[in-house]
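Let us read a protein model together, one feature at a time. Keep the picture open as you go.

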Amino acid sequence: LTKGRVLNFGAGPGCLPEEVLITAQNELLNFQGSGKSIMELSHRGKEFTKVIEETKANLKLLLKVPDNYDILFLQGGATSLFAGIPLNLCDGPSDTIDFLVTGAWSKAAYNEAKLYTKANAVIDMESSKFLSVVNPAEWKFSEKPAYIHYCDNETVHGIEMPTNVYEYTPAGVPIVCDMSSNFLSKPVDVSKYGVIFAGAQKNAGIAGITIVIARHDLISRSKPNVPNVFNFLKKSQQNSLDNTPPTFNIYITGLVLKWLIKNGGLEAADKRNQEKADLLYKTINESNDFYCCYIDEKYRSKMNVCFRIKGGDNDLEEKFFKQAEQNGISDIKGHRSVGGIRVSLYNAMTLQGTEILINFMKKFMSENK
Ligand code: PLP
């Protein structure tokens with residue numbers, strides 16, 4: 001880390017690769033000889049056209065996006081799509097969307113969808129504090145849902161779904177997946193999904209850009225009365241340039257993608273993420289309940305590791321946060337609705353940074369047993 005910077009384990013906006021920040025800094029005043037900052041370039045000019053095309057091409061390359069999908073860059077955050085997707089994909093209020101409610105974000109999407117159409121919770125894990133997920137073999141979907149929505153990684157509750165969710169959903173029903181917090185953290189078989197969407201501010205860039213990967217036949221469902229800013233068909237037809245897109249944000253995502261490609265693509269990212277998460281969960285598991293993670297082992301997130309100290313000793317947790325901060329370890333407080341500790345291990349967090357945290361945790365444990 002550059003001197004003065006800290007280890008940022010925040011849940012999002014999260015840490016970015018320093019290399020990306022340095023490139024952006026170097027190019028800030030004069031983007032590739034244009035004499036203008038990237039922020040001063042027209043979104044229709046040749047320089048920015050190259051940026052958006054390259055960013056799309058690299059996303060396609062990294063995720064092996066099939067040709068019958070398009071990539072859209074929207075604004076409004078992933079939250080805007082909790083309304084935007086029902087508006088695009090449903091015929092009207094009599095349609096039903098099936099939701100797997102596994103944490104705060106799928107719950108929010110479920111609640112918002114109810115404003116536009118019928119929403120059915122296939123499972124709702126809130127009654128068990130979102131600590132596990134009902135066995136997929138027991139999921140019961142409704143008769144004819146317009147689509148199925150789930151969240152691949154619940155950022156607040158630290159629940160990550162298995163990669164084969166599609167094996168348990170009815171054939172032919174499109175799957176819409178909120179991948180905001182584990183997008184680009186591992187390879188994904190895009191062909192199994194109807195729509196994948198993600199806010200960029202965890203693994204894919206900075207806040208202010210929402211990435212959508214959607215199958216053509218679903219894109220063509222959009223009706224003309226869907227607001228332009230969400231209208232998948234209009235966005236797709238105009239290469240996300242029908243209105244001014246978040247140009248700087250797309251540029252940063254482009255830099256993150258180049259960094260990922262240079263570092264071995266998504267298989268290598270997955271390996272690094274697995275190693276970091278394994279080390280941290282091992283430290284928790286071997287701490288004799290000093291640190292405890294109450295989440296079902298099968299669903300523990302590799303991205304957001306949530307745990308408590310001594311079963312939820314608030315005073316000791318406050319001391320932990322304070323000492324962590326003094327050791328250059330920041331943003332590890334759990335979400336205010338959950339409490340405890342949450343360590344986010346996004347792509348840009350290094351193994352070395354994770355080991356520094358783990359060493360701090362071991363020292364803290366030995367001093368406070
Ligand atoms: N979905 C998930 C999984 C998230 O983690 C978040 C934000 O943290 C959102 C949706 C909402 O994203 P935004 O704040 O960009 O609207």
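The dialogue below moves from the overall fold to single residues.

Q: What kind of model is this, and how many helices and strands are in the protein?
A: It is a predicted model. The protein has ten helices and 14 strands.

Q: How compact is the protein for its length?
A: Compare its radius of gyration with the globule rule. The radius of gyration is 21 Å, close to the 21 Å that the rule gives for 369 residues, so the protein is as compact as a globular protein of that length. Along the principal axes, the C-alpha trace spans about 60 × 60 × 30 Å.

Q: What share of the residues is buried?
A: Count the neighbours: a residue is buried if 20 or more other C-beta atoms lie within 10 Å of its own. Here, buried residues make up 45% of the 369.

Q: Which residues have the most contacts inside the largest nonpolar core?
A: Start with the general idea. In soluble globular proteins, nonpolar side chains tend to be buried together. In this model, the largest nonpolar core has 100 residues, and V195, A198, I211 and A214 have the most contacts inside it. Helix α7 (residues 247–262) provides the largest share of this core, eight residues. Domain 1 (21–262) and domain 2 (265–368) each give the core at least three residues.

Q: Which residues does A214 touch?
A: Leave out residues up to four places away in sequence. A214 then touches Y69, D70, L72, G194, V195, I219 and F232.

Q: Which residues of helix α4 are buried, and what covers them?
A: In α4 (residues 104–113), the buried residues are W105, S106, K107, A109, Y110 and A113. Their cover includes α3, β3 (96–101) and β4 (118–124). Strands β5 (147–151), β6 (153–154) and β8 (175–178) are also part of it.

Q: Which residues are around the ligand?
A: Look for the shell. Among its residues are G12, G77, W105, C151, D178 and G199. By class, the shell has three nonpolar, seven polar and one charged residues. Helix α3 (residues 77–89) gives the most, with three residues.

Q: Is K129, with its positive phi, exposed or buried?
A: Phi of K129 is near 60°, and K129 is not a glycine. The residue lies in the loop between β4 and β5. An exposed residue has 12 or fewer neighbours. K129 has 11 other C-beta atoms within 10 Å, so it is exposed.

Technical notes:
Residues are numbered from 1 along each chain as its sequence is written. This is a predicted model: local features need pLDDT of at least 70, side-chain atom pairs count only at pLDDT 80 or more; totals for chains, interfaces and linings use all residues. A residue is near a molecule or strand if its C-beta atom, placed from the backbone, lies within 6 Å of it. Helices (H or I, at least four residues) and strands (E, at least two) are DSSP runs, numbered from the N terminus. Ala, Val, Leu, Ile, Met, Phe, Trp, Tyr, Cys and Pro count as nonpolar, Asp, Glu, Lys and Arg as charged, and the others, Gly among them, as polar. The radius of gyration is taken over C-alpha atoms; the globule rule is 2.2 Å times the number of residues to the power 0.38. Two residues are in contact if their C-beta atoms, placed from the backbone, lie within 7 Å. A nonpolar core is a set of buried Ala, Val, Leu, Ile, Met, Phe, Trp, Tyr and Cys residues joined through C-beta atoms within 7 Å. Domain bounds come from an automatic or database domain assignment.
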